[in-house]
Amino acid sequence: MITTPLIEARGLRKHFERPRRFLAPAEPPVRAVDGVDLRIAPGETLGLVGESGCGKSTTGRLLLRLIEPTGGAILHHGQDITRLDAAGMRSKRRAMQIVFQDPYGSLNPRMRVSELIAEPLVIHGVGDSASRASRVQRLLDLVSLPSSALQRYPHEFSGGQRQRIGIARALALEPEFIVADEAVSALDVSVQAQVINLLRELQRDLKLTYLFISHNLAVVRNISDRVAVMYLGRIVEVAPADALFARPQHPYTQALLAALPADHPAQRRTHEVIKGDLPKPDANGLGCRFANRCPHAQSQCLTQDPVFHHTAPDHQVACLRIADGSLTL
């Protein structure tokens, strides 16, 4: 049970307004994130999973205030960073960094590795040129890259090496919280394992806290302490990783895990196909987002907004039928 979270989101929302077309009526906004509550403890890795377009990456960027929320609060050590001005937020950014999905697109192709890693130090005015050069060298050692990499450009490295450069840059300002946004999804499976092991080692040695965003459930299970499942801008289930994979309780979580390949070729899994059309993200927000695709939905699910229900002290599910006891999963 989390008592003193490092990062907390309360009722976090991000609605994107649609451009107004000439002589056309205004369209409702896209509810990319629509009332998210999350708590991440110091030193923890929280995995955030869900299908493409559910709002995972938007949530990660909101927590860092890389994009401005429509509503809700984002707390860092109990301080609401949505109320900070530019100067106050600038100091906070040293404590919160991000590792992006594309290790090539996130690196300036015209800058050498030494410049890429030193750039955050220069922007925040940390040290002089000599101390920055020493810090860059230590960061390269941390991510297991040779000194010869300093004078090379991003295109001269493999995908895994480029992601190590991105991780080194994220660590330059000695942050305590890192959002890893699909940080291994663009890498080969063998390289994914190497980068995951590196992230674990860095977390242990540097006392880091991660929000690990991914659609790869196997990777999330491997690295996460707890897992939050997201569907159409809402969190539908949060639980310790082992508990969630052993006994998923929300119907959407069950469907996600049923789609995983069996551990052995001789084993067979019954794949329960999710039926129905995916609701539009500009829906009015009434009722359960999964109701029109859920095999257990009843009329109340279409009109009542589910809230989190504790099925165990550290296992929460947003499902009306579980909350009222009419559905046991």
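Residues are numbered from 1 along each chain as its sequence is written, and side-chain values use heavy atoms, with hydrogens and water left out. The pLDDT, which is the predictor's confidence in each residue on a scale from 0 to 100, averages 89 over the chain, and 91% of the residues score at least 70. Among the secondary-structure elements, taken as DSSP runs numbered from the N terminus (helices, H or I, at least four residues; strands, E, at least two), confidence is lowest in helix 11 (residues 320-323), with a mean of 79, and highest in strand 8 (residues 209-213), at 98. Where pLDDT is low, the predicted coordinates should not be read in detail.

Strands are treated as paired if DSSP finds at least two bridges between them. On this basis, an open sheet of 4 strands has the order 2-1-4-5 with antiparallel pairing, and its edge strands, each pairing on one side only, are strand 2 (30-40) and strand 5 (79-80). Strand 1 (residues 7-16) is joined to strand 2 over 8 bridges in the antiparallel sense, and Leu-12 stands opposite Val-36 in strand 2. Helix 1 (residues 56-63) lies across strand 1, strand 2 and strand 4 (71-76) and runs at about 120° to strand 1; here contact means heavy atoms within 4.5 Å, and angles, from 0 to 180 degrees, are taken between the N-to-C directions of axes fitted to C-alpha atoms, for helices over the stretch in contact.

A further open sheet, of mixed pairing, is formed by 8 strands in the order 6-7-8-3-9-10-12-11. Its edge strands are strand 6 and strand 11, each of which pairs on one side only, and the twist from one strand to the next averages 20°. Helix 5 packs on this sheet, touching strand 6 and strand 7 (177-181), and its direction makes about 175° with that of strand 6. Within the sheet, strand 9 (residues 226-231) and strand 10 (residues 234-240) pair in the antiparallel sense over 6 bridges, with Arg-226 opposite Pro-240 in strand 10. Strand 11 (residues 309-312) and strand 12 (residues 315-317) are likewise antiparallel, over 3 bridges, and form a hairpin with 2 residues between them; His-310 stands opposite Gln-316 in strand 12.

Volumes are the space filled by probe spheres set on the points, with grid points joined across faces, edges and corners.

The largest pocket holds about 430 Å³ of space. Of its 19 lining residues, Gln-97, Ile-98, Pro-120, His-124 and Leu-173 are the closest to its centre, and helix 2 (86-93), strand 6 (96-99), helix 3 (113-123) and helix 5 (159-171) are the elements that give two or more residues to the lining. This lining comprises 10 nonpolar, 5 polar and 4 charged residues, where Ala, Val, Leu, Ile, Met, Phe, Trp, Tyr, Cys and Pro count as nonpolar, Asp, Glu, Lys and Arg as charged, and the others, Gly among them, as polar.

The search of the whole structure finds 2 cavities of 30 Å³ or more. The largest cavity has a volume of about 100 Å³, and of the 15 residues lining the largest cavity, Cys-288, Cys-294, Cys-301, Cys-319 and Leu-320 are the closest to its centre. By class, 12 nonpolar, 2 polar and 1 charged residues make up the lining of the largest cavity.

How values were computed:
This is a predicted model: local features need pLDDT of at least 70, side-chain atom pairs count only at pLDDT 80 or more; totals for chains, interfaces and linings use all residues. On a 1 Å grid over the protein atoms alone, a cavity is a set of points where a 1.4 Å probe fits but cannot get out, and a pocket is an open set with protein on both sides within 12 Å along at least five of seven lines; lining residues have an atom within 4 Å of a point.
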